Amino acid sequence: MSSDKIIQYLARDLQPVRRLRGVEQRTLLWGGFALSCVSIGTYVLGARPDLSQKIRDPAYLCESALLLVLIFVFSARSAFHLSVPGAERSKGARMLPLLGLLLWACLITAHSGHSPSGAADSINGWACIWRMTGLALAPALAVLLMVRRAAPSSPGWTGWFALLSACSLAMLGTQILCANDDPRHLLIWHFGAVLVAGLVGIYLGRWLLTRAHVRRVIIR
Amino acid sequence: MSRAQDGDRGAYQTLLIEVMALVRRFARRRLRQADWQDEVVQETLLSIHRDRHTYDPQRPFLPWMYAIARHRLLEFAEKQRRRCRNEIAGDDVLEEVVSEAMIAESGARVGFVRQALALLSLKQREIIQLLKFEGLSVAEISRRTGLSQSSVKVTAHRGYKSLRRLILEAGL
């Protein structure tokens, strides 16, 4: 089929479409939804007993701010920007969530000297994984559906940022629930879990966000 | 594009004709073969149609369009690379047949292969001669002829195919 014929075919069958909302608007919409889900989930599951003391701890606050701003916000922005052609941001912008992850790991490691440690602490980590998964489920599904409705050109990257964002926010909620401050526990079951979730996002993205071959969709 | 999103067919057709010219120029600068350029142009037109709901009228149109064209071009290049790799893998047996014929004891066979080679295109003949008679590697041929390595492989593959056809027809 020649290009002219394709143009005629496409113009002849043109139907009005519902425009996708702007990238920032969609990011805010999803961010609001994710924050509500995690807040409700955290409230229902019950905060750690020493939360009033912990919020005065600068290390805890730094960790939370990192999770919220650098990882959650920038990953969400990157996922939504990557899902729209021409809105993709520079490679440097993609590195910000990675920088956040790195800083988070450094913060946990640096804090290891001040915290008590126990071998049993790392065994209880599965509870944190389940909490994170539960809190991240609805936001993760929502973000994947939202970016799928757009036109992600890098499914792997988009999936990585989408899940990293949803799971980092869920982990922020888990940090409010989990009273275990052992650095090894934080490194393996909190940091490690978010990292693994992001990696799962790459595969999930390639699977769910890869678009069918364009000719198969349009020319039947 | 904004009017096309609302269903204006005339505006859409005019837009696609302009897009075709722009994308063709974009593809021509990056791809040598005309049929490859056409494929990228057509894929881009179809993608623009499929993803037209993602265009934001508040933003300029060209970056959106070129982003789609760039992705289709990269996808096409990747597809070509995979196709080339698969073809080359399938060539091993074929190459063996040609090599065997060339080193066969029978002078008649060698003579026939040389005659069959003469029937190939100049480029195919040159590359097969360099590969098989002079024993050069693909990289060396690429340097000598100025063709890319994948181009050398594809040309050799097509040459082998033609040679096989000629050898089979001759009943060797």
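A residue is called buried if 20 or more other C-beta atoms lie within 10 Å of its own, exposed if 12 or fewer, and partly exposed in between, with C-beta atoms placed from the backbone. The model is predicted, so local features need pLDDT of at least 70 and side-chain atom pairs count only at pLDDT 80 or more, while totals for chains, interfaces and linings use all residues. Residues are numbered from 1 along each chain as its sequence is written, and chains are lettered from A in the order in which they are written.

Buried in α2(B) are B:Tyr12, B:Leu15, B:Leu16, B:Val19, B:Val23 and B:Ala27. Seen down the helix axis, these buried residues fall within an arc of 105 degrees and so line one face of α2(B); the arc is that of the directions from the axis to the C-beta atoms. B:Gly10, B:Glu18, B:Ala21 and B:Arg25, on the other side of α2(B), are exposed.

Chain B also meets chain A: 31 residues of chain B are in contact with 24 residues of chain A, contact being C-beta atoms, placed from the backbone, within 7 Å. On chain B, α1 (2–5), α2 (9–28), α3 (34–50) and α4 (61–103) each supply at least two residues of the touching side. The largest share, nine residues, comes from α3(B).

Definitions and conventions: Contact = placed C-beta atoms within 7 Å. Helix = DSSP H or I, 4+ residues; strand = E, 2+ residues; numbered from the N terminus.
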